[in-house]
Amino acid sequence: MNFFKRAILSITRKKGKSIILLAVIFILGNLISGAISIQQATGNVETTIKEKLGTAATVELDYEAIEKMDESEMMELEIEELDLELIKQIGELSYVKYYDFSTSTYLGSETIKSYQGEGMEEEEVMYEGPSMDFMLKGINHAPIIDLEEEKGKLVDGRVFTPEEVENGAPVAVISKKLAELNNLHVGDNFTLINEVYSFDESNGEDKLVTSRDLVLEVIGLFEPKAVKNDAEESEEGMYDFMDIEYQNTIYVANEVVSSEMRYNMEEYMKVDEEMAAAMGEEEITDYYTPLFVLNKPEDTEAFEEEVQPLLPQYYKVTNASDQYDSIAAPVESMSKLSGYVLLVAVIATILIIGLVVLLFLRDRKRELGIYLSLGERRSRVVGQIVIEVMIVAVIGISLSLFSGNLLAQSVSDTMIDAEAEKQNSEEEMYYSELQTDVTTDDVLESYKVELDPGYVGIFYLVGLLTILVSTIIPLIYIVRLNPKKIMM
Amino acid sequence: MILEAKDLNYYYQDGESRRYILKDTNATFEKGKFYTILGQSGSGKTSFLALLSALDSPQSGAIMFSGKDIKQIGYDKYRRNNVGIIFQSYNLIPALTAVENVLVPMSITENEIPEDKKTVAYNLLDYIGIVKSKADRLVNKLSGGEQQRVAIARALATNVELILADEPTGNLDEEMEQEIIDIFKKLAHEHQKCVIVVTHSNEIAQQSDQTFHLKKGVLSSHE
């Protein structure tokens, strides 16, 4: 009849009390289990989404800081341009896997049609003014960073050679859909038109001043990687817009873009004397947007710390993973809420179980006194009580493991539905350079409450540790028991 | 001599003054004898028994067991291995059966106990007058006399030489009282135990081999 056997007998012979304790642990266990389930699920979402967002970073104007400025500060605001040498210097940092800087413009065409979405091939889009159907995206990194980062993949032909990039050769990589739409193949030429318009203030209309053709040879075809075929999703305007823009993107060397932009500006200034006077002898400069792909996600912070001091005023480093906070708001709010629930549940468990055990111990004061009067070691009496509580706790916690998980699933479903509804009615924000097709819907989709071993382990650890702590407090009562006062 | 009380002083401090329960008390106890400690309510006889059973400690003086101070042995260890205590209100564990109650001290003591503890426990209970069918009952299903027999069996379970009992027949009728006293006499005379019983009953005292009277903290002995 050692203390372990005594503990077992005590549980089985005092069924009423054991059931009360089991019920209390089960209820509180559900709260802990539910909260941990949600925490685990949100944690998984963060890892998955941050992986999806990638390790890209850029340097751009800190619009938030500028917006916060008052009028007088705004008047004195002088924004320095981002020097190309600085971009190259940052690109050489050890955290950077590869980098690129890009300038872009929009051009139209009279000979090729732009892609307007599935089933829109026959529909003619009519509008007045400059045609800007095609985005001419300059690159400096010959293998094209978008393809290396799997935004798209090369399906035919080749990418640029470093010589073509350096010399600004008139060659281009276009989307497969655009090529099919216009019956273009690798080796074919196509013509874009760079039109210069002036604005006529008297009638408020744009007036064509001059234009020139840009003939490009197709050297490669790409296809966007993450093509979403879901009909329901393609009905959503934002995704369609992003897809159409990417299908109409034409990769060329930066020099090709710069040359077209310079031509456009020079011709425009010939007709706008006011602007020409304002510009004076100032040279027309190119604006480059840098893109740095880091070696691993963990480098993000160190990269930011090292780069920030090098930047001119009003510039900041933006990481792709920064977008996580804006797109994962619903999940983050659930994570926060479940964190509070977990904290409250643990405190409540310590207090409630502590009180229940103390009440039961007071009821068993004589029994404990008997053990002590027989010379039993206090540590073994304490051990007996701990075993009794922990055996019931293991059963209660195991039961609540499943029910708490189910509870978390239904609570999450309700909250996610509510958040998804809210999200649909809210305007979505996108970053310019680090634009991603990872949306809040992706975040909600990757949210899964599951019974994985990690969750089971953490739940048992937190649950049993909490109950152990709550049992230890009333055990002080046993240590202070005086058998003479109880027995005689 | 198995047990000796040497110059025991036990008192309650009441401000500046001391209220003595036992003052310079000396007594010796031998194996094979049945002792009673007689005194009126509040005379300090239970306190004296509490000291002898190491449930309490004196302010001064010593209790020697087989020539060794029980303080040195260790109070818990002394109770575990050297003494069996019987209480007026039986103090059995209600969630356990009679035989399980007897098994409890067997798992606590460091004394050598035969391998088949359960058989020993049944035999002990049978010797004391509890048959097997009753030994398997929860103790609160037994009568007062039966519960006290179980308490005696529990005190004997660790094979100790010293049995201390505090008013063991206080809750029993006369017939049952005599049966219990007969068991004590048998334990002392046939099994060479030293049995010390605290009582306020002269009838019981008359049946003992030696009686100690406790009055106003002073112990006097009568053969």
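**Notes on the predicted complex**

1. Chain B has a mean pLDDT of 90, with 99% of its residues reaching 70 or more; pLDDT is the predictor's confidence in each residue, from 0 to 100. This is a predicted model, in which local features need pLDDT of at least 70 and side-chain atom pairs count only at pLDDT 80 or more, while totals for chains, interfaces and linings use all residues. Residues are numbered from 1 along each chain as its sequence is written, and chains are lettered from A and ligands numbered from 1 in the order in which they are written.

2. For chain A the mean pLDDT is 82, and 89% of the residues reach 70 or more. Please read two stretches with care. Residues 230-235 of chain A stay under 50, and the model has 6 contacts for them beyond four places in sequence. Residues 426-431 of chain A are also below 50, with 5 contacts beyond near neighbours in sequence. A contact means that the C-beta atoms of two residues, placed from the backbone, lie within 7 Å.

3. On the complex as a whole, the predictor gives an ipTM of 0.92 and a pTM of 0.68. At the interface, 18 residues of chain A are in contact with 22 residues of chain B. On the chain A side, the elements that give two or more residues are helix H1 (3-13), helix H16 (365-373) and helix H20 (483-487). H16(A) gives the most, with 4 residues. By class, that side of chain A divides into 7 nonpolar, 4 polar and 7 charged residues (Ala, Val, Leu, Ile, Met, Phe, Trp, Tyr, Cys and Pro count as nonpolar, Asp, Glu, Lys and Arg as charged, and the others, Gly among them, as polar).

4. Now to the sheet in chain B: it is open, has 4 strands in the order S2-S1-S4-S5, and pairs in the antiparallel sense. Two strands pair if DSSP finds at least two bridges between them. Strand S2 (17-29) and strand S5 (68-69) of chain B are at the edges with a single partner strand each, so one side of each has no neighbour in the sheet. Helix H1 (residues 45-52) of chain B packs on this sheet, touching S1, S2 and S4 of chain B, and its direction makes about 125 degrees with that of S1(B). Such axes are lines fitted to C-alpha atoms, for helices over the stretch in contact, and angles run from 0 to 180 degrees between N-to-C directions. Within the sheet, strand S1 (residues 3-14) and strand S4 (residues 60-65) of chain B pair over 5 bridges, and Glu4(B) stands opposite Met64(B).

5. Chain A also has an open antiparallel sheet of 4 strands, in the order S2-S10-S1-S11. Its edges are strand S2 (96-102) and strand S11 (315-319) of chain A; each has a single partner strand, so one side of each is left without a neighbour in the sheet. From one strand to the next the twist averages 25 degrees. S2(A) pairs with strand S10 (residues 289-294) of chain A over 6 bridges, with Asp100(A) opposite Leu291(A).

6. Helix H13 (residues 299-307) of chain A lies across strand S1 (56-61), S10 and S11 of chain A, at about 170 degrees to S11(A).

7. A hairpin is worth a look too. Strand S7 (residues 189-200) and strand S8 (residues 205-224) of chain A pair in the antiparallel sense over 12 bridges, and Asn189(A) stands opposite Glu217(A). There are 4 residues between the strands, and Gly204(A) takes a positive phi near 70 degrees.

8. Finally, the axes of helix H15 (residues 329-363) and helix H19 (residues 453-479) of chain A come within 8 Å and cross at roughly 35 degrees. Their contact has 12 nonpolar, 5 polar and no charged residues; among those in H15(A) are Val346(A) and Leu361(A), and H19(A) contributes residues including Pro474(A) and Tyr477(A).
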